[in-house]
Amino acid sequence: VLSILRNTTGVRSVHEDVKIEKLTTHTPDFLGIPAHVWPRLGGVEGAGEGIVIGFIDTGINPNHPSFMTSSSSGFLNSTKFKGKCDTGELFPSTACNGKIVGAQYFAHGAIANGEFNATRDVSSPYDADGHGRQLTNTIYTCSSHTASIAAGNHDIRVIVDGFDYGAASGMAPGARIAVYKALYTFGGYMSDVVAAVDQAVEDGVDILSLSAGPSSVPSGDSAFLDVLELQLLFATKAGVLVVQAAGNGGPSSSSVISFSPWITSVAASITDRKYNTTIVLGNGQSFTGTGLSPPTDGEIDYNIAAAADVCVRNATIITVDSCQNPESFIRPLVYRRLIICTYTFEYEYEAASIATVADTMMEIGAAGFIITLDPNIGPEVVKGTMLTLQIPAIVLNNMQASSALWEYYNANTIRDKRGQAVAFAAKARILDGRQAIYTGQAPVVASYSSRGPDVKNALMQTVDVLKPNVMAPGTSIWAAWSPDSEGDKYVKGQSFALISGTSMATPHIAGIAALIKQRHPKWGPDAITSAMMTTADRTGHSGAPILAESSNELIQATPFDFGAGSINVSQAMKPGLIFNVTFKHYVQFLCAVPGIDVKSVKKAVGVACPTKNKFKCSDLNLASVTISNLVGKRKVIRYVKNVSHKEKYTVHIKEPLGVNVTVVPESFRIKRRGSRRLKLVFEAIEATNAYTFGEMVLKGKKHIVRVPLAVYVGSASSS
């Protein structure tokens, strides 16, 4: 059957239908958008006006206030966008209200594989999912969440469990939303995602936000020839900027799952907003932990009791310590007390959850709960600490605080000869954990954010492409949620959720790209990506380098952590110089990738490789230079185009360790709309057997253009 299909007229290639994984109250201010960007675009209501952002995701809840049509927005004024609205269950014709301008769903692949359940998954563009968990390199998300980050309405109150967490806004509140539902509670299938991308391009979206990707590097000769990567190449050719989550596999090296140079791959950062909860013990000691919960009632202290000391006799200690089952407890002994639970391996393997602890404590009448770390696990990133809770709670997520609490408890608990607790004298109170604090610190690369270097195949061979491209806020992001969500029962019924992941960073960049596109409507995807990269921040406000979370410490971030750096929205609107790339150049790149057969390229993209192709992958005119194996010398050419007024630039080089870099010319004048050729020569002077990093900085009177350099020296020059 496969051979017949491959030889059928009109069939370019045949691919296996593989499984696909799904992959804000403060971030506009953190990025400086209200003060420095929205005013340039006619104010908040007009920011993003005329731009359509397409979302390949789990659908949308059209009834959410983040997507309601405001009186000033009206309907989209565009002759380019030709999308339609599919009606169906929970999605009437009125759902496309002017803010939402297109909505369709794709499920043929899921149906063919027997995973689609019409009752659970809803046969319409309605968002009935809501995955907000982040597991290994899987991207889990919710379309309502991502769409509201990018283009949600301005000044929407975030109220959860009766508490007001502030006002939310999308990056581009005036932009319009087109939804292409191809992901469900079980994930999705490649054929449905590809069909959704194809439809979005045909409809005429300006930007495509893709918080989804493969769970691993695709098999075959090259990841760049994977069916999704190729579909996104054709989207780029059509003028659509594709923004994709880099993945949640960090801090492991080469964990990115967004591979191709025509895609803008987004890393995730931690912002300066923190939610801390404090417990004050009866002896005056206090410890800080996590937990978005209310305080204990009044200014009084409550007795503390360990779960193991207030359980029924036939309960196993491991089960009791995790506090998952209300039947394990003796009700009179737990009533109005703070119960100590332990974060065990069951939580790591998701057999237990903090949300279930909260349910248990509320059912048995406890005053609240304290979760301590199991010494056998050691320091861990505790899962589920960003859940909003209706009962006072704190997670002591370090061993020192956990040990101190147990020491105080044991010293104040009276036991009989058998070791059973007979009197509880230890006391404490939990303070309000829902009040945010703002430290003013620079962004930090989140530990889960996938890292480079980029790879070209499942053999994990690296390639001359910098990934990720740029970094945006992705940790603890408040945004819209679908109350009917079936994907996560612990957020079910809520209209907002606080989630982390590169899936949350991606719509930040999609919304920012909409602002740039509005300001520069003739710019293509390459120009917008170039503008975001060359103006990104590598340092914080103090001038200190941006840091990255490693396994157990903070280290200085590199381009493999954050790409070109943390997005600087104001500067990206006026980059000075840009690096242009065309479809022809991407084809040349594919033809130059080692291991790719030229016939495969022609079959995949419909264009033959040049007969005399001297092009190297590092010659692709990107706003970065990556050389995955420098032996001796390598000449690299870059072309810059001036998108501002006439200006003189001087070239400054920070050389990667073990490499000598020269650039010709060392300074140049460039007229408005003019172009200049830059010749960079990289010479290996010391074999490092590791990637080292530097940058080329083009300094003008009004603009500074930064180009990251990443070089692996395999062999030094003999001279």
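Helix α18 (residues 583-592) is mostly covered, with 8 of its 10 residues buried, where buried means under 20% relative accessible area, exposed over 50% and partly exposed in between, computed with a 1.4 Å probe on protein chains only. This is a predicted model, in which local features need pLDDT of at least 70 and side-chain atom pairs count only at pLDDT 80 or more, while totals for chains, interfaces and linings use all residues. Residues are numbered from 1 along each chain as its sequence is written, and side-chain values use heavy atoms, with hydrogens and water left out. Helices (H or I, at least four residues) and strands (E, at least two) are DSSP runs, numbered from the N terminus.

The buried residues of α18 are Phe 583, Tyr 586, Val 587, Gln 588, Phe 589, Leu 590, Cys 591 and Ala 592, and they pack against α8 and α19 (598-605), contact being taken as heavy atoms within 4.5 Å.

Helix α8 (residues 227-237) also meets helix α7 (residues 190-203), their axes coming within 10 Å and crossing at roughly 0°; axes are lines fitted to C-alpha atoms, for helices over the stretch in contact, and angles run from 0 to 180 degrees between N-to-C directions. The two helices α7 and α8 are therefore roughly parallel to each other, a term for angles under 35 degrees. On the α7 side the contact is made by Met 190, Val 193, Val 194, Val 197, Asp 198 and Val 201, and on the α8 side by Val 227, Leu 228, Gln 231, Leu 232 and Ala 235. An α-helix has 3.6 residues a turn, so residues three or four places apart point the same way.

Asp 127 belongs to the loop between α5 (118-121) and α6 (143-151). Asp 127 is buried yet lacks a salt bridge, the nearest side chain of opposite charge being that of Lys 181, 6.5 Å away; a salt bridge requires a side-chain nitrogen of Lys or Arg within 4 Å of a carboxyl oxygen of Asp or Glu. The side chains of Asp 127 and Ser 144 are, however, joined by a polar contact of 3.0 Å.

The backbone deserves attention too. Most residues other than glycine have a negative phi, and most peptide bonds are trans. Asp 161, in the loop between β4 (156-160) and β5 (163-168), has a positive phi near 55° and is partly exposed, with a relative accessible area of 33%. A cis peptide bond with omega about 0° joins Gly 250 and Pro 251, and Pro 251 sits in the loop between β11 (241-245) and β12 (264-270).

Note on methods
Lys and Arg count as positive and Asp and Glu as negative; His and the chain ends are not counted. A polar contact is a pair of N or O atoms within 3.5 Å; within protein, one must be able to donate a hydrogen and the other to accept it, and residues adjacent in sequence count only if both atoms are side-chain atoms. Angles under 35 degrees count as roughly parallel, over 145 as roughly antiparallel, 65 to 115 as roughly perpendicular and the rest as oblique.
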